There are 4 protein chains.
Amino acid sequence: MKVGFVGLGGMGSTMAANLLKAGHEVRVWSRRPEPADRLRELGAHVVDSPHAAFQGDAFVSMLSDDAAVRAVVVEGGLFAAKTDTIHINSATISVALAEELTALQEKAGAPYLAAPVFGRPQAAAAAKLHVVAAGDPALIAKVQPLFDAIGQKTWIVGDRPSQANVVKICGNFMLASAIETLSEASALANAYDIPTKILLELMTSTLFASPAYQIYGKIITDQSFEPAGFRLKLGFKDLHLALAASEALNVPLPFGAALRDVFLEAIADGLEDVDWSAISQVAQRRAHLPRDPEKRKQW
Amino acid sequence: MKVGFVGLGGMGSTMAANLLKAGHEVRVWSRRPEPADRLRELGAHVVDSPHAAFQGDAFVSMLSDDAAVRAVVVEGGLFAAKTDTIHINSATISVALAEELTALQEKAGAPYLAAPVFGRPQAAAAAKLHVVAAGDPALIAKVQPLFDAIGQKTWIVGDRPSQANVVKICGNFMLASAIETLSEASALANAYDIPTKILLELMTSTLFASPAYQIYGKIITDQSFEPAGFRLKLGFKDLHLALAASEALNVPLPFGAALRDVFLEAIADGLEDVDWSAISQVAQRRAHLPRDPEKRKQW
Amino acid sequence: MKVGFVGLGGMGSTMAANLLKAGHEVRVWSRRPEPADRLRELGAHVVDSPHAAFQGDAFVSMLSDDAAVRAVVVEGGLFAAKTDTIHINSATISVALAEELTALQEKAGAPYLAAPVFGRPQAAAAAKLHVVAAGDPALIAKVQPLFDAIGQKTWIVGDRPSQANVVKICGNFMLASAIETLSEASALANAYDIPTKILLELMTSTLFASPAYQIYGKIITDQSFEPAGFRLKLGFKDLHLALAASEALNVPLPFGAALRDVFLEAIADGLEDVDWSAISQVAQRRAHLPRDPEKRKQW
Amino acid sequence: MKVGFVGLGGMGSTMAANLLKAGHEVRVWSRRPEPADRLRELGAHVVDSPHAAFQGDAFVSMLSDDAAVRAVVVEGGLFAAKTDTIHINSATISVALAEELTALQEKAGAPYLAAPVFGRPQAAAAAKLHVVAAGDPALIAKVQPLFDAIGQKTWIVGDRPSQANVVKICGNFMLASAIETLSEASALANAYDIPTKILLELMTSTLFASPAYQIYGKIITDQSFEPAGFRLKLGFKDLHLALAASEALNVPLPFGAALRDVFLEAIADGLEDVDWSAISQVAQRRAHLPRDPEKRKQW
């Protein structure tokens, strides 16, 4: 298929490369030249504007956040005219913006899908992402070869594009909740002189033997928050998407509300650029851990 | 080994049966005759008091809660005299009672270990429990054949018996947090017309592909809260053990605090005897879900 | 003084009337004709655009929210040129918009103050508001006669205009917290068969003998949520201003986070247009109160 | 009237002195000799056991907490026999213990009332306490002269003695919530460089012009947490009474749950013996305030 691609960050570049490897014809645009240059070597056609990329069978945007999507897509005027190019938005954006985009594209007569992905860099490289797609099923069917080129499975979650964004937001909320759960359980264990390593090895090899718990359990055990796999301030941004989505439809989220304060405290503590699992420091800090080893003996 | 056993509930009976199967000589006592009768058929020696069971190499108690342990062990006077019989307490009890028991047994000169277990009934039947042991390492080594008879692995978490209780309490707290996480994410998805089934199948086959999430994800999806795998009021009791342990050493637990209110609301709603994953009803109820399908169309 | 006035809602109209009564020359603009007509009878000069009102010594805007301020002031282009007319913004707006307005007016060379007010309609009518002013002290001194015409006291809280908005936001947050405190205490008392009336009469005539507690204590006791003194959805909007302000500078607010969920549940319950003290229904609802009198006897 | 009195702490001694001043005949018992000696000078008859004090028309106990009541009253065997002496329990105790005492005294055929008081030391000295009474109205009528001797008003809140304890617990919960509200609002204001003094003077002279807000607003503004008017660990004990009462009847308390963590963090920070309004330090600490040392000076 002929596909345009904008948003060549780490994930985007890997996805575009996999589209090329699968034999698709890919036009890329990037503000910075390096990512586009690397894809040119893999056979991509580098163009000089998002507009120039927005043609062919489909157009994938993997921009970083609402602001970038607003700048490139909305203010960039990509929805100005009727088109057959299917816009596949893979960015993690707010439900509100997703609904605004859907309305804009419907008005323009331009086909639109949302298809954010789950998976870490290794999974992206191996074309083993999980693609979460929503929108008109007929459109999804048309671009299925693209999803197959980047992922191991496509999960169709609804016929309104924003529903895929909701699912992505829910997934990130679940991750943040898992990290906080690990953090609180560790702080409680630590207070009783049980090392994080012992508690989390047990838990993540039994009841919680899943990627989410194993990955973050290990980072928390090792206190290896740098370099960041996912920066804490981006984690807060994603938590905020969940809170905003919950406020739009009046869904109380007690864990979400608690997480808000935990992230704020972590950011106030200067942790915004380390891995988001460093919110575990807040549980330690609130409990004044580690404590004086001398006092510990009295417990 | 020669071992006494009290606390013949579902888990206790299965554990005692596995001790017999492994060739140990087991004396059992039970308030109700049925469980003891069943074990007699498997070769157990049925005795008529906890005291009569409290002899030989070791004595395992798998009583239901603090009150039962207090009645049978403390008020029953099992620590009255010095003994070589190693008391292995496998009940899920409070840290405070665990420390009280340790002090009492030290005073009496009676060896004491805590060894609560993780695992569902099937795992118990297959002798595949995870045994969480704490106490004097030399004592643990002596009774290792007993742990091998009931579990697939023994996790030694500290040399103070109560530390094993802390780990058990942390594990149950993590389970409650996982259930609440699933509940809130589902409520948010539901508000956007995404079925629980779609969200949870995706999550529990990817990032959260672990027994805890899969088991409870399925119960919540199917709304199959009866018969209860673990009754909600017992779940609240265990949450309370975590809250009490956190208060004893001043460890804030924001998720714990939020869960307190969720469980209270569920119990006020009459759900105390269904499966504890029915706390998911609270997230639904607070968000007034499911909503009027007519209104849904406007979203 | 010569003063323009826009934002002729209930409070704004009363304030403008008091400016007239105090002998000031007032130009008013209103989208709807009625409020302006009423003020004309009191001597106001009715003009046909915000621009026409934005001249003379000062210009007071008492618009309803961020959106109205953005529409009339920012997009209306009131800051297009340098001027000596002092803009006094009395609206309850976000800190972010307050800072944006300050920057815009500094750029234009237009003097700007924020002066939200505290007080109920009766206090406004009696010119007994509390004016919370922030900005350049010299400017505040110049417009002091205007504040004296509407209020009993001017509280100068800082030299950055947005600081007055922060104080207004803090005050509303304290009100919401007081209402929730009354709600939870009442629910607890009610569960023990103690009527709200008895609890709140005691508390609001002793430790909590202040307008905030007395007013809301009485509404909650009487369940007289209609007509709304202050609509619940506006209360949530104001809570949101506090949450946003806290997120901008990373200030955790545990009561704020709890209130978020309480308001969402109340709105999901259809209470958005009744008085905001109806969040007390949420505490009742979560506790399943009132309960069956038959069951009550067993307690 | 002839009245016995035990529990001669600060409040108790003052109340006993006022009973003497009002002309009642008072027998006192105290573990420590000093408080009893001082009352002897005012005309009290000092006896050498609680039993010796438990006779005459009424017996007032103003013990410090559940443990003291349990030791002196329950284990001391004061309910062993039928009597006409009316036991007036003025201690702040748990609802559970209050109900246990009621049952014990009913069994013994001994009349029992609960009558905790609200008021600070000065109010107690001036016989201006607020007496919160519950129990059989006929009994309350009989001892009304005693209440009149110590308080300015008697509030009858129910016919089950424990209801007075619930009201006392609710009042203390409201105080803790007011302190936390002041703390959060101050932290938010401080982050925007608004001094606590300015915010709280405004609020406590207007909407929140009540003793509770004025007293604690001033302590927080002055950071005068020592000497403690009411020690933080006692404040946590009272919060715990509210949490326990709420768990007994399944009443969610979101502010109560948030306060739990705040108190734990304060105690972990070593603040258990300063005034309970020092929980305000937690809000400051979580927000990492004060920030810029230059700005710090202004606060």
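**Close-up views of a predicted model**

**View 1. Helices α1(B) and α7(B) are roughly perpendicular to each other (65 to 115 degrees counts as such).** This is a predicted model: local features need pLDDT of at least 70, side-chain atom pairs count only at pLDDT 80 or more, and totals for chains, interfaces and linings use all residues. Residues are numbered from 1 along each chain as its sequence is written, and chains are lettered from A in the order in which they are written. Helices here are DSSP runs of H or I, at least four residues, numbered from the N terminus; strands are runs of E, at least two. Helix α1 of chain B spans residues 10-21, and helix α7 of chain B spans 137-150. They pack at about 115 degrees, axes 8 Å apart. The axes are lines fitted to C-alpha atoms over the stretch in contact, and angles run from 0 to 180 degrees between N-to-C directions.

**View 2. Six residues are named at this helix contact, among them M15(B) and L146(B).** From α1(B) come M15(B), N18(B) and L19(B). From α7(B) come L146(B), A149(B) and I150(B). Contact means C-beta atoms, placed from the backbone, within 7 Å.

**View 3. Chain B touches chain A.** Here 54 residues of chain B are in contact with 54 residues of chain A. Helix α8(B) gives the largest share of chain B's side, 18 residues.

View 4. A rotation of 180 degrees with 0.0 Å of shift along its axis superposes chain D on chain B, RMSD 0.0 Å. In chain D, the C-alpha nearest the axis belongs to A257(D), 2.5 Å away.

Definitions and conventions
Two residues are in contact if their C-beta atoms, placed from the backbone, lie within 7 Å. Copies are superposed by least squares on the C-alpha atoms of residues with pLDDT of at least 70 in both. Angles under 35 degrees count as roughly parallel, over 145 as roughly antiparallel, 65 to 115 as roughly perpendicular and the rest as oblique.
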